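The sequence and structure come first.

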Amino acid sequence: MSRLTVVAYTFGILCFLASCAFSVFYGYKVVSHDLPAEDQTGEKYNYHFVLVPEELDNDYWRLVEEGAKKAAEEHGVLLEYAGPRQANIDEHLKTIEMSMASKVDGIITQGLSDEQFTPLINRVVEKLPVITIDTDAANSDRMAYIGTDNYYSGFLAGKALIEDTNGQANVAIITGNYYANHQQQRVQGFRDAVESEEGITIITVEESEISRVRAAEKTYQILTDYPEVDAFYGTSALDAIGIAQVVDKFRKQNQVYIIGFDSLPETLKYISKGTIQATVVQEPYEMGYRSVTMMIDLIEGKKVSPVVHTDTRIMRAADLLKRKEDEWEAGR
Ligand code: BGC
């Protein structure tokens, strides 16, 4: 073999080894998904997360999204907000499946029901971290939960109703969904709070499918079927608004007590008017914000508490007035 042939062979072998090393290295990078995430404009991000709510076009979830986007912006995270436009459990589950298949770095979603969400969350967690938000699937392998203590918030609602009605009320409950963990906990907390009150009876529990229109329809039906009902408890953000619309329409403001959930602008409007007497305040913006920072901490191996409860409290007209005065003072 001439010297030239030996050099040519050696060069060929080196080129082959270099190309093998190159393929293995980049192949690994793609599989392990540690290339920086990129959006359609080519901008690079440190991580890519998906936030999957039960209903995209819901004012409550838009606040969660706002908080999550703010944290994402501050930490170089590409955050997608994806899910059903209107509540639909199959689409919700499908969005989680698709996010897992597209190898994002983390999924933030509700653990709506043990039956449908727990097995899926457990499958996803084998591949990437999952944080539950707003609604926990406590029996799943999710890595952490951030949101309201839903049982406690229902308990608070019950205590507020007792106080405001002097322990005398025939209550109708309108709840978002019978199957959802957090809605069940909000109802159970309420039941436990009023249980020992002889003057309080729960007449019926109806479902609104988290729709304001459905909540209004159910209110109308309840007022027709159970004329003894003189108090309503709405357990999801739009329920009390739907109830208030009907109560206002039939001019029953002075005969019917309403306690709801959340402090959306429409709810506050009805509190100022005196149609809704009280609401359980949640912190959706903070939930969104902290879900993103918690996910970053999890990925970076920092210690994260498995259950983080955001603040919950009761707001009535007097609190609203006080808040407005404080804002006015601060702005002077
Ligand atoms: C709940 C959310 C729900 C929303 C519906 C809120 O009170 O925390 O889980 O999707 O109401 O409007």
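## Helix H9

The face of H9 turned away from its buried side carries Pro265 and Lys273, both exposed. Exposed means over 50% relative accessible area, buried under 20%, and partly exposed in between, with a 1.4 Å probe and protein chains only. Helices (H or I, at least four residues) and strands (E, at least two) are DSSP runs, numbered from the N terminus. The model is predicted: local features need pLDDT of at least 70 and side-chain atom pairs count only at pLDDT 80 or more, while totals for chains, interfaces and linings use all residues. Residues are numbered from 1 along each chain as its sequence is written, and side-chain values use heavy atoms, with hydrogens and water left out.

H9 spans residues 265-273, and its buried residues are Thr267, Leu268, Tyr270 and Ile271. Seen down the axis of H9, these buried residues fall within an arc of 160 degrees, so they line one face of the helix; the arc is that of the directions from the helix axis to the C-beta atoms. Their cover includes helix H8 (239-249), E12, E14 and helix H11 (317-331). Gly274 follows H9 and has a positive phi, near 95 degrees.

## The open sheet

Six strands form an open sheet of mixed pairing, in the order E9-E8-E10-E11-E12-E14. Two strands pair if DSSP finds at least two bridges between them. Strand E9 (200-207) and strand E14 (313-316) are the edge strands, each pairing on one side only. From one strand to the next, the twist averages 20 degrees. Axes here are lines fitted to C-alpha atoms, for helices over the stretch in contact, and angles run from 0 to 180 degrees between N-to-C directions.

Helix H5 (residues 150-165) packs on the sheet and touches strand E8 (169-175), E9, strand E10 (231-234), strand E11 (257-261), E12 and E14. Contact means heavy atoms within 4.5 Å. The direction of H5 makes about 160 degrees with that of E11. Strand E12 (residues 278-281) pairs with E14 in the antiparallel sense over four bridges; Thr279 has Met315 of E14 as its bridge partner.

## Nonpolar cores

A nonpolar core is a set of buried Ala, Val, Leu, Ile, Met, Phe, Trp, Tyr and Cys residues joined through side-chain atoms within 4.5 Å. The largest has 52 residues, of which Phe49, Ile133, Phe232, Ile258 and Val292 touch the most other members. Not counting residues up to four places away in sequence, Ile133 touches residues including Leu51, Trp61, Val64, Ile108 and Met287. A second, separate core of 20 residues includes Leu156, Ala160, Val171 and Ile259.

## Two buried residues

Leu238 lies in the loop between E10 and H8 and counts as buried at 9% relative accessibility. Beyond four places in sequence, Leu238 touches Asn58, Ile210, Arg212, Ala215 and Leu264. Leu238 and Ile210 are 28 residues apart along the chain, with their C-alpha atoms separated by 6.5 Å.

Thr132 lies in strand E6 (residues 130-133) and is buried, with a relative accessible area of 0%. Not counting residues up to four places away, the residues touched by Thr132 include Thr109, Gln110, Ile121, Arg142 and Tyr145.

## The chain as a whole

The protein chain has eleven helices and 14 strands. Of its 332 residues, 48% count as buried. Among contacts with a separation of 6 or more, 72% join residues 24 or more positions apart.
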